[in-house]
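Hi,

Here is the structure for your files. My notes follow below it.

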Amino acid sequence: MQRVTQWNLDFAEHSEQGDRYQELVHRVDEALGFMAAAGLTVEHPIMTTTDFWTSHECLLLPYEQALTRLDSTSGQYYDCSAHMLWC
């Protein structure tokens, strides 16, 4: 637990949240130890890159829901806003 306790400040030892904080420190240290044992360091390419896709349309789900209608002839739902057509 030595790596993480370097940022373990004295305030945690004398607070109500101290035990929870110490448990978190221990869990983070275990995770870092596991990553090191698996050969993952901060220099490893997987730790410096990520594939991340986003779309502003996905942020509009309540808006899309409000503009979704049930077609009485086919029984299918239709999005009347056209935002989600791009997702």
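Arg69 sits in strand 1, residues 68–70. Helices and strands here are DSSP runs (helices H or I, at least four residues; strands E, at least two), numbered from the N terminus. This is a predicted model, so local features need pLDDT of at least 70 and side-chain atom pairs count only at pLDDT 80 or more, while totals for chains, interfaces and linings use all residues. Residues are numbered from 1 along each chain as its sequence is written, and side-chain values use heavy atoms, with hydrogens and water left out.

Back to Arg69. Arg69 counts as partly exposed because its relative accessibility is 44%. The cut-offs: buried is under 20% relative accessible area, exposed is over 50%, and partly exposed lies in between (1.4 Å probe, protein chains only). Setting aside neighbours within four places in sequence, Arg69 contacts Gln76, Tyr77, Tyr78 and Cys80. Contact means heavy atoms within 4.5 Å. Asp79 is 10 residues from Arg69 along the chain, and their C-alpha atoms are 6.5 Å apart. The Arg69 side chain also reaches the backbone oxygen of Ala66, at 2.6 Å.

Now helix 2. It covers residues 18–37, 20 residues in total. From first C-alpha to last it reaches 28 Å, close to the 28 Å expected at 1.5 Å a residue. That expected span is 1.5 Å times one less than the number of residues. Which residues of helix 2 are buried? Gly18, Tyr21, Val25 and Asp29. They cover an arc of only 70° around the axis, which puts them on the same side of helix 2. The arc is taken over the directions from the helix axis to the C-beta atoms. On the other side of helix 2, Asp19, Arg20, Arg27, Phe34 and Ala37 are exposed. Just after helix 2, Gly39 has a positive phi of about 90°.

The wider view. The protein has three helices and two strands. Their order from the N terminus is α-α-α-β-β. Of its 87 residues, 13% count as buried. Among contacts between residues at least 6 apart in sequence, 32% join residues at least 24 apart.

Last, confidence. pLDDT is the predictor's confidence in each residue, from 0 to 100. The protein averages 76, and 69% of the residues score at least 70. Among the elements, strand 1 has the highest mean pLDDT, 88. Helix 1 (residues 2–5) has the lowest, 52.

Best wishes

Terms used
Polar contact = N/O pair within 3.5 Å; in protein donor to acceptor, adjacent residues only side chain to side chain.
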